[in-house]
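Hello,

Here is the structure for you to look at. Please open it beside this email and follow along.

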Amino acid sequence: VLLRGVAMLVEDLLDTTGSMGGNVEIAMRVLPKVYKLLATGKNAVLGRYDTQIITSIFGDVQDQYVLQRSQAELDARIAEQMTLMYPEKNGGDTPEDPQYGLFGAAYLTAADINRYDKDFKSYHFLVSDAPGRNLLDHKTLTRVFGESVYDKVSENHNGYYLFAPSDELPTTKDVVRDLQLRAHAFFLQIDRSSSTTNFWTEIYGADRVVMIDNAEQLALVQAAIIGLTEGTLNLQSVSDFLKPEAGNADVKRIVQAISHIPIGAQMKASSFAKLPKRGDIFA
């Protein structure tokens, strides 16, 4: 008997550099609320899955901590893991360094959902207010993940990705391309800077870049995006889903901000309707 449903992974990769200002505290406070919107109650948009969330925060390469990343957790454990993280709110330049968190999500993560169908994907959200860098370097990669990082990448992907210290590492655009093979990946932009939009649109594609008015809306935006991608919500029902959590003006802005994403993309998986659900009995 499948007791909890198939595990569905959702990861947040949050910018905690100085330019984010007070949005860091707001995001750290509201992100644990995502779980309840996704996994609990009769309107849970991931109700048929066993939802598990990884929270990651990143700084600049010159900071003490380039990347901090939790385990995949449920409910209260999500917030508990986040209390162990230290947002430095430092950094010294405009291009930020989320590429190492993206690398971990693309090459060092094994999500059960990807094993059912090559088109079945988990979810990943990068949240920032600034452009990034399009390059990774060996020194920082091994500083973050350890000297065994290349072996772990090969092990995790059965030798499909073969990186070595002497190789030219993938660009950030390459990493996101590979991440999008296994995750519905989105960039959530906290400001309206055209340079930020242009950089990440080139990396993700225009249909994966979403503007957010303020960090208070992060949980609602993520839940709505996931609901639209899963097909549990549509552009008509998403407003009703959001109204208990936000005022009419905020709901309208959120719906406008996400209306261009690939709606129903998860439903394209050939085994979408066959996925085992909670309570199913099987051999």
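**What turned up**

At 76% relative accessibility, Asn 158 counts as exposed, because the cut-off for exposed is over 50%. Keep in mind that this is a predicted model. Asn 158 is found in the loop between H6 and H7. Its phi is near 55 degrees, a positive value in a residue other than glycine. Most residues other than glycine have a negative phi.

Asp 75 also has a positive phi, near 45 degrees, and is not a glycine. Find Asp 75 in the loop between strand S3 (67-69) and helix H3 (76-82). Asp 75 has a relative accessible area of 34%, so it is partly exposed.

Start with helix H6, residues 149-156. Which residues of H6 are buried? They are Val 149, Tyr 150 and Val 153. Looking down the axis of H6, you see the buried residues within an arc of 100 degrees, so they line one face of the helix. Now turn to the face of H6 that points away from the buried side. There you find the exposed residues Asp 151 and Glu 155.

Next comes helix H11, residues 248-258. Its buried residues are Val 251, Ile 254, Val 255, Ala 257 and Ile 258. Around the axis they cover an arc of only 160 degrees, which puts them on the same side of H11. The exposed residues Asn 248, Lys 252 and Gln 256 are carried on the face of H11 turned away from the buried side.

**Rings**

How many aromatic pairs does a search of the whole structure find? The count is 14. Take Phe 103 and Phe 145. Their ring centres are 6.1 Å apart and their planes meet at 35 degrees, so this pair is tilted. The pair links distant parts of the chain, 42 residues apart. Phe 103 is in helix H4 (residues 99-107), and Phe 145 is in helix H5 (residues 138-145). Phe 145 is partly exposed, at 23% relative accessibility.

Now look at Phe 187 and Trp 200. This aromatic pair is stacked, with 4.9 Å from centre to centre and 20 degrees between the planes. Phe 187 lies in strand S5 (residues 183-189) and Trp 200 in helix H8 (residues 194-204), so the pair ties together parts 13 residues apart in sequence. Phe 187 counts as buried, at 0% relative accessibility. Trp 200 is buried too, with a relative accessible area of 1%.

There is also a cluster. Ring pairs link Phe 103, Tyr 107, Phe 145, Tyr 160, Tyr 161 and Phe 163 into it.

Two arginines belong here as well. Arg 48 lies over the face of Phe 272, at 4.3 Å from the ring centre. Arg 208 has its charged end over the ring of Phe 186, 5.1 Å from the centre of that ring.

**Pocket and cavity**

How much space lies in the largest pocket? About 370 Å³. The pocket is lined by 15 residues, and the closest to its centre are Asn 114, Asn 156, His 157, Tyr 161 and Arg 182. Tyr 161 is one of the residues in the ring cluster. Which helix gives the largest share of the pocket lining? Helix H7 (residues 172-182) does, with three residues. By class, the lining has six nonpolar, five polar and four charged residues.

The structure holds one cavity of 30 Å³ or more. The largest cavity has a volume of about 40 Å³. Among the residues lining this cavity are Thr 16, Phe 58, Tyr 65, Tyr 86 and Glu 88. Ile 57, Gly 59, Asp 63, Gln 68 and Pro 87 line the cavity too. Five lining residues are nonpolar, three are polar and two are charged.

Best wishes

Technical notes:
Residues numbered from 1 in each chain as written. Predicted model: local features only at pLDDT ≥ 70, side-chain atom pairs only at ≥ 80, totals over all residues. Heavy atoms only, no water. 1 Å grid on protein atoms, 1.4 Å probe; cavity = no way out; pocket = protein on both sides within 12 Å on 5 of 7 lines; lining within 4 Å. Points joined across faces, edges and corners; volume = space filled by probe spheres on them. Helix = DSSP H or I, 4+ residues; strand = E, 2+ residues; numbered from the N terminus. Nonpolar A, V, L, I, M, F, W, Y, C, P; charged D, E, K, R; others polar. Phe/Tyr/Trp six-rings, centres within 6.5 Å; stacked < 30°, edge-to-face > 60°. Buried < 20%, exposed > 50% of the residue type's maximum accessible area, 1.4 Å probe, protein only. Lys NZ or Arg CZ within 6 Å of the ring centre and 35° of its normal. Arc of directions from axis to C-beta.
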